[in-house]
Amino acid sequence: MLEGAELYFNVDHGYLEGLVRGCKASLLTQQDYINLVQCETLEDLKIHLQTTDYGNFLANQTNPLTVSKIDTEMRKRLCGEFEYFRNHSLEPLSTFLTYMTCSYMIDNVILLMNGALQKKSVKEILVKCHPLGRFTEMEAVNIAETPSDLFNAILVETPLAPFFQDCMSENALDELNIELLRNKLYKSYLETFYKFCKNHGDVTAEVMCPILEFEADRRAFIITLNSFGTELSKEDRETLYPAFGKLYPEGLRLLAQAEDFDQMKTIADHYEVYKPLFEAIGGNGGKTLEDVFYEREVQMNVLAFNRQFHYGVFYAYVKLKEQEMRNIVWIAECISQRHRTKINSYIPIL
Amino acid sequence: MLGFPQDHTQAPCPRNGRSSPLELVLSTHVEGFHFEPALRGTALLRPGRGCLVVSGPAPVRRDLWRPTASSPPIKRPTEDRLLGHSLPASPRLPALWGRLGPGAGRSWPLPIAPPIREGVSGAGPGREAVPSPVTACWSGAASSGGAAYSPRGSPHRLEWRGRQTLSFCLLIIRSGGQGFGETWTMGSMFRSEEVALVQLFLPTAAAYTCVSRLGELGLVEFRDLNASVSAFQRRFVVDVRRCEELEKTFTFLQEEVQRAGLVLPPPEGRLPAPPPRDLLRIQEETERLAQELRDVRGNQQALRVQLHQLQLHAAVLGQGHSPQLAATHTYGASERTPLLQAPGGPHQDLRVNFVAGAVEPHKAPALERLLWRACRGFLIASFRELERPLEHPVTGEPATWMTFLISYWGEQIGQKIRKITDCFHCHIFPFLEQEEARRAALQQQSQELQEVLGETERFLSQVLGRVQQLLPPAQVQVRKMKAVYLALNQCSMSTTHKCLIAETWCAARDLPALQEALRDSSMEEGVSAVAHRIPSRDMPPTLIRTNRFTASFQGIVDAYGVGRYQEVNPAPYTIVTFPFLFAVMFGDVGHGLLMFLFALAMVLAENRPAMKAAQNEIWQTFFGGRYLLLLMGLFSVYTGFIYNECFSRASSIFPSGWSVAAMANQSGWSDAFLAQHTMLTLDPNVTGVFLGPYPFGIDPIWSLAANHLSFLNSFKMKMSVILGVVHMAFGVVLGVFNHMHFGQRHRLLLETLPELTFLLGLFGYLVFLVIYKWLRVSATNAASAPSILIHFINMFLFSHSPTNRPLYPRQEVVQAMLVVLALAMVPVLLLGTPLHLLHRHRRRRRRPTGRKEDKAGLLGLPDASVNCWGSDEEKAGGLEDEQEAELVPSEVFMHQAIHTIEFCLGCVSNTASYLRLWALSLAHAQLSEVLWAMVMRIGLGLGREVGVAAVVLVPIFATFAVMTVAILLVMEGLSAFLHALRLHWVEFQNKFYSGTGYKLSPFTFAAAED
């Protein structure tokens, strides 16, 4: 790609960038959160959300209001916005947006396969699927019995196809294999996405690469953490780590050998980015590793808006909106379960 | 609690008679309820001759009314003895007592007590009808009620106030014609109307009806008293939510009606906001209707889906019998036959199975590919598009379908195929060999279904008909209801929870109407809502009532900025000056006439509904400004006559003042001379050539002259400066009314006077020079005529040029004096007001409490500043006190310095700015001249023969007409309009108009009724 995005970026993507920045301005503010936290019932929450940019998106919901209804409607809204971006996008932004949906598609496929494994009906699972990752062939996933089956029959035409090169195997799809499949797909996806951004160069690379590197490192940490006490061998574990990021390669090798959380923490201490994060765990408010990672992610995504003429804003907006939705759902859950003590532990969006 | 006489009309007006009857308005207390702020009324009475006409609210029993010095201590009255209670005794209470009969209209003498104390005199502006009311005080002891009346002068004004914290009778005296706002005499167009902050006490039971009545009338603007309370914590949020729920149902019904292709008729008649209990009825009705509609709609939907399925099924079956498929079949079979029939083959017992169904066309290719991939080719699928599209069961739109028939071998493959078709949401139908009979059955079934469907649809249209009837009025009613609750949400609760307190802005003129509305609407509840003025520290909103004529002119002013409260309103002057300045730039009889006729057509047709209903925005703009256009056209005709131009042609209505014949005779122009010279000069000094000025406007002979332009330029330039200086001076003078009104008399001397001196001393003198030269210098001494420009420059340089003859003796002395005087005004302007303010501020501080004490003593109240009379004088005084308390010297100096610099430099630049009048009028004249010369004159010169000329002139005139309208009328008109607008906004209004107010936007249902 040519350097100097500011010269030609606006020709193709100026409108959408303006739009996404406008959307970002409609994220809930700190004051909104303070008001939301004070709500007594979900109806109050609804009334308050009406005063924000959400508008009366819950107006057509029949009573009683439930958290899942709110969640579904919010997802629908986000999906609508995203579809609009996507329909108006030009290359290479449209490819970038497709890459963004891939992670949701992977999640959906895995969800459906898990469902099939547990003999749940497809419809039941479909409700839980993220609308951003919906595709036509998705529901046929359960006819596949092996990963290569899955690839050959169903996913070969979807954007997910390129990510399958590493995970073609004839193993039957049991729970562990599905999980392995998911992680391999993710690894492959992240690597491809990273390569795409890197090749695109310019501001997009400068903004997106750190975000994706963080994402890769986060996955590595989470995989390590989740593999403690499972039958996953250390070699297998290493194959699941995305092969880029701040930890790559030494950190990943060390992580592969880690045996408990403390060892993981010592490894993280070698990196100035992750040291403060691990130190913040369990601090005020009993934060978990997940929480601190979310906070860091929010921070990076907000910073993405400081640069102009790049695609990172789209990624950052969707992630921020997701975080906001998680926050609202958290608050709504706390309200509906009358569990107000933890209501304040949402992730503030700066 | 407060009742006003019902027979308002019978009360004679106190203005005309010697005996000035008063209305005594009785007001009672309900137990536990109390008025916190003051209640006031005013009345006029003549000393010694006062006669009270008593009337009271009908439902309350009127008993004995005997307040005496020895009346018993206050007891809490029971409901039916409301009026029978006594006023608390007080040594300062006038012995006001009498016996009230069981009916209104009794009168008895009013004893006049000696005044307690004389108060401030002087009427507030706008209250000139009351000659110098001297207020005195009367206050109760147990309560803090008080009254004041004037013992001096005739007629007197009696003011009464009560501030009650206990339960006893309350008395308000109110004169018949002299109610709150009726003393208003000044035209409301000149400054914004008096707007009062009115506190409304709405008894909880009657609050809804009161507010709904106010919404119908659109009198008051509610102030939000709960700004700090979030939306869902307000009092009537439940009711608002109910209204919203209902609106949701309405939206559903409306969508259903629209989907059926029907229109909702506009609601008819007056639809007041329904009483709250009616909400239930409306809710029930709409809910029932909605439920019915949902059921029927659901039935219809289900039937349609069923029908759709049947049709698809039939189509799929039909496909199975189509020759094409049969061919594929046989072809496939023949291909495979040898293989299948291989001896001992494992597939010997397998028979071909079928899956048949339909899928949306856009999914078909993906389905086909997936099938092929997943089943590794162990199937034969044939896809065909339906010949005719079927109606979509939900949207009713035609949609095509792809039918498919899959033949396969083996049960496993079959399961896979079923799963895949499931995931593509295909409609799968059983497909067996012997389908002939089945098809016939299907046909019959679908016919039956169609009949049932028709029946359902008939019923549906019945329900929709009922919806059409019910919905529009209910929608309006619920919208109103919601508006009422939203307004009520802005009210605060009284401490006793017996009533709602609202604060509203209301035009003082509308106060009686407000009172009446409140009384009417709270009558049923037996308790009466109360409205009374309270003093306000905030600047009231601006209210200027307009009619259809003045609206567009007011709009011009408001577009710059809504005037500060009671500031001089430039709009009445704009009515004249705007069209005039426009016309100076647009002067042409023909163009003006066209514009006038266009506007006249709009004015004459303004009452036609089609005119108002037009949606076109450009048209609406023109239509809104029709009276403006009318005047602009009219004035343009006038200035056109002055410039003597009609489509750039001069007309000679009167004989020209110049005589060519005289010139020719006197100077003996020979034929040879005439042949040689194309230009001839008329010399006015030759006798008989110049007979005198043309009676009106420019002499038409100038249009033939070669120096036409330089003559007009000189004239128009000087005219622009004269108009500009007059216009600006007028603006400065208007500032006088502001200063007088706001009681800032020092600014008259320290600002207006220096400003006027500066403006008139320099530029007024220029105007004088121009006019003087016009009058004194004639053609005879034109050769040695003095130059005004040189004189004016010399005036500032204090020098003189020997070649330039003075206009009048001792001119230099006068000029030098004027310049010195004007320059001397600058420091006055710069320092006068700040020094004065500082001085006054310091003096105030030396005796800080003097005035306050005065006032407190006057009112006989401890905290007088909170409860002042509410007359403008005192309010202004209060505000001034406030301002002075926060006087920051540097800010005052800075402000004044900016003002001074702006004014002095502005005088120069603004005068120059008025030269745009000259420039624009020049441009207009030249453009129309060019249009005439380049189009019409060429056209007229084209054909010598009549026939040719006639044919040629048609397109040429069409061009001329189109260009005249497009360029000269529309384009030039817009630019002249813009410049006139600028001259008003910048050059004129910055002399006196601040435009920092905000409009009164009353609570009204007008929006809900649309």
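Two strands pair if DSSP finds at least two bridges between them. I count as helices DSSP runs of H or I with at least four residues, and as strands runs of E with at least two, numbered from the N terminus.

I am working on a predicted model, where local features need pLDDT of at least 70, side-chain atom pairs count only at pLDDT 80 or more, and totals for chains, interfaces and linings use all residues. Residues are numbered from 1 along each chain as its sequence is written, chains are lettered from A and ligands numbered from 1 in the order in which they are written, and side-chain values use heavy atoms, with hydrogens and water left out.

**Entry 1, strand S13(B).** I started with S13 of chain B, residues 353-359. It pairs antiparallel with strand S18 (residues 427-429) of chain B over three bridges. Strand S17 (residues 402-408) of chain B is also antiparallel to S13(B), and seven bridges join them. I then looked up Ala358(B). Its bridge partner in S17(B) is Thr403(B), and in S18(B) it is His427(B).

Next I checked burial (buried is under 20% relative accessible area, exposed over 50%, partly exposed in between, with a 1.4 Å probe and protein chains only). Seven of the seven residues of S13(B) are buried, so the strand is largely enclosed by the rest of the structure. Asn353(B), Val355(B), Gly357(B) and Val359(B) point one way, while Phe354(B), Ala356(B) and Ala358(B) point the other way. In a regular strand the side chains alternate between the two faces of the sheet.

**Entry 2, the A/B interface.** I took contact as heavy atoms within 4.5 Å. Chain A brings 23 residues and chain B 17 residues. The two chains bury about 1,700 Å² between them, 56% of it on carbon and sulfur atoms. That is the accessible area (1.4 Å probe) that two parts lose on being put together, summed over both. Ile47(A), Ile143(A) and Glu157(A) supply 29% of the area that chain A buries against chain B, more than any other three residues.

I looked for salt bridges (a side-chain nitrogen of Lys or Arg within 4 Å of a carboxyl oxygen of Asp or Glu). The count between the chains is one. Arg241(B) forms it with Asp44(A), the closest N and O atoms being 3.8 Å apart. Helix H3 (42-51) and helix H7 (147-154) of chain A each give two or more residues to the side that touches chain B. H3(A) gives the most, with five residues.

Asn177(A) counts as buried because its relative accessibility is 19%.
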